[in-house]
Amino acid sequence: MTEAAEASPETEAAPAQRARRRLLADLRPLRESPHYRRLWIGQSLSGIGSQITAVAVPVQVYSLTHSSLAVGMIGLALAVPLLVLGLVGGALADAVDRRRLVLVTSVLLGAVSVGFAVQALLDLRQLWLLYALTAVQSSLVAINAPARQTFMPRLLRPELFPAASALGQLSFQISTIVGPLLAGVLIAAWGLEAAYTVDAATFVFAIYGVLRLPPMRAEGGGAKPGLRSIGEGLRFLRHQPVLAAILLVDINATVLAMPHALFPALAETQFGGGSQTVGLLYAAPAIGGVLAALFSGPLSHIRRQGAAVLLAVAVWGATIAGVGLTHTLWLAVALLAVAGAADMVSVVFRMTMMQLSTPDALLGRINGVNFVVGAGVPHLGNVRAGVVAAGIGPALSAVTGGLACVAGVVLLAFLVPRFARYDAHPRR
């Protein structure tokens, strides 16, 4: 008998199984690093809890005031601390033990969630208290996030960074779907205090994941925090075209083509729907992001990561423009899902490139700048979208913003060719 004739069905199926494994999310970071696995699980659970509170606070504010303006002011309480303290958080991350900084801020974030639960349980009905707790929560996140983002290079091999970034995006996208759904169930069945309590409980897992990490001081002993330290980080960015382009491409996408502020108007004027249509439009990008993260295996093998970022952002802009052009709801939802998938790809490679291109001693400060851009600039994009929509309508706001985003990608590729040519694993 020949070898081919003797081959078992299992042997013949092996190539197909390997192909499926390469297509699905790369789980090697979870298998290889127990530290990363505990962090990922803890962050996933606390992320769901945070999304529960992100729904519960607006629900409570509206129940107290019946004012959309009052609900909108929550965004101000969130955005101002992020923009003001993001750079400070990055400087602190390069000055102290990053593990300890994240541990302390995680404990304090859990305490803030307990504060939300207590005020709901006591039925204090104080609007100022909700705003204050939200602002404190946002301030702690601005300090926590840049330090937390420095962990990956210490825990994983560089070739696993894209896979780890994709897993982080999978966790985030799932939390944006599961958290709001769970919030609705908890608030309806047991009240706001139950929703806030679940959020507080999830921080136990996040704290445990950080508690098991080894000390993580910046290489070289760290830099003294202050304006000089922040300035050093900004000067480093100015002389690193690839890092500067990472931030510029994100600003281009979020300032010019952020569509969220347009969804309520588009649902009514473009698709003839109500609140369910609005909800569907908001959910569509997250659904696309989850699907892209689930099938993110091939991302680990892409070397031209800068070109991949530019392509992904161009797809984001083109699909947002398409949403403004169509009057068919299912097509708009499909386009937004594609936009969400493209955004996931962009985030994965931008995060990977930033971690690989930044010295450890500056990583906290560079992550701080990235955090300010990623967390604060989208709010400006929604303001731009709303202002333009007031003048020319929501559909044209989406179309012009999306096309401007695509044009911005072309301009960045021309102005920063080194970014487009970036090779994650250059040949020697």
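Predicted model: local features only at pLDDT ≥ 70, side-chain atom pairs only at ≥ 80, totals over all residues.
Residues are numbered from 1 along each chain as its sequence is written, and side-chain values use heavy atoms, with hydrogens and water left out.

**Figure 1**
The C-alpha trace spans about 80 × 55 × 50 Å along its principal axes. The radius of gyration is 22 Å, which agrees with the value near 22 Å for a compact globule of 428 residues. That radius is taken over C-alpha atoms, and the globule rule is 2.2 Å times the number of residues to the power 0.38. Of the 428 residues, 51% are buried. Contact means heavy atoms within 4.5 Å. Among contacts between residues at least 6 apart in sequence, 86% join residues at least 24 apart.

The accessible surface comes to about 19600 Å². Carbon and sulfur atoms account for 69% of that surface. Areas come from the Shrake-Rupley method with a 1.4 Å probe; for residues, only the protein chains shown count as cover. The chain carries 30 positive and 19 negative side chains. Lys and Arg count as positive, Asp and Glu as negative; His and the chain ends are not counted. The centres of the two sets lie 9 Å apart, with each charge placed at NZ of Lys, CZ of Arg, CG of Asp or CD of Glu.

**Figure 2. F116 and Y196 form a stacked aromatic pair.**
A pair of aromatic rings is described by the distance of the centres and the angle of the planes. Rings of Phe, Tyr and Trp (its six-membered ring) pair if their centres lie within 6.5 Å; planes under 30 degrees apart count as stacked, over 60 as edge-to-face and the rest as tilted. The count by this rule is two aromatic pairs. F116 is buried, at 0% relative accessible area. Y196 is buried too, at 0% relative accessibility.

**Figure 3. F263 and Y282 form an edge-to-face pair.**
Their ring centres lie 4.9 Å apart, and the planes stand at 85 degrees. This pair also links distant parts of the chain: F263 is in helix 13 (residues 263-269) and Y282 in helix 14 (residues 275-294), 19 residues apart. F263 is buried, with 0% relative accessible area. Y282 is partly exposed, at 39%.

**Figure 4. V102 lies in helix 6.**
V102 counts as buried, at 0% relative accessibility. Leaving aside neighbours within four places in sequence, V102 contacts N144, A147, R148, F151 and V210. V102 and I143 are 41 residues apart in sequence; their C-alpha atoms are 8.0 Å apart.

**Figure 5. L39 lies in helix 4 (residues 34-65).**
L39 is buried, with a relative accessible area of 10%. L39 touches R148, F151, L155, G209, V210 and L213, not counting residues up to four places away in sequence. L39 and F205 are 166 residues apart in sequence, yet 8.5 Å apart from C-alpha to C-alpha.

**Figure 6. D123 lies in the loop between helix 6 and helix 7 (127-148).**
Phi of D123 is near 55 degrees, a positive value in a residue other than glycine. D123 is partly exposed, at 48%. R125 lies in the loop between helix 6 and helix 7. Its phi is positive, about 55 degrees, although R125 is not a glycine. R125 counts as partly exposed, at 48% relative accessibility.

**Figure 7. V290 lies in helix 14.**
V290 touches L170, Q173, I174 and I177, not counting residues up to four places away in sequence. V290 and R148 are 142 residues apart in sequence and 22 Å apart from C-alpha to C-alpha.

Terms used
Buried < 20%, exposed > 50% of the residue type's maximum accessible area, 1.4 Å probe, protein only. Helix = DSSP H or I, 4+ residues; strand = E, 2+ residues; numbered from the N terminus.
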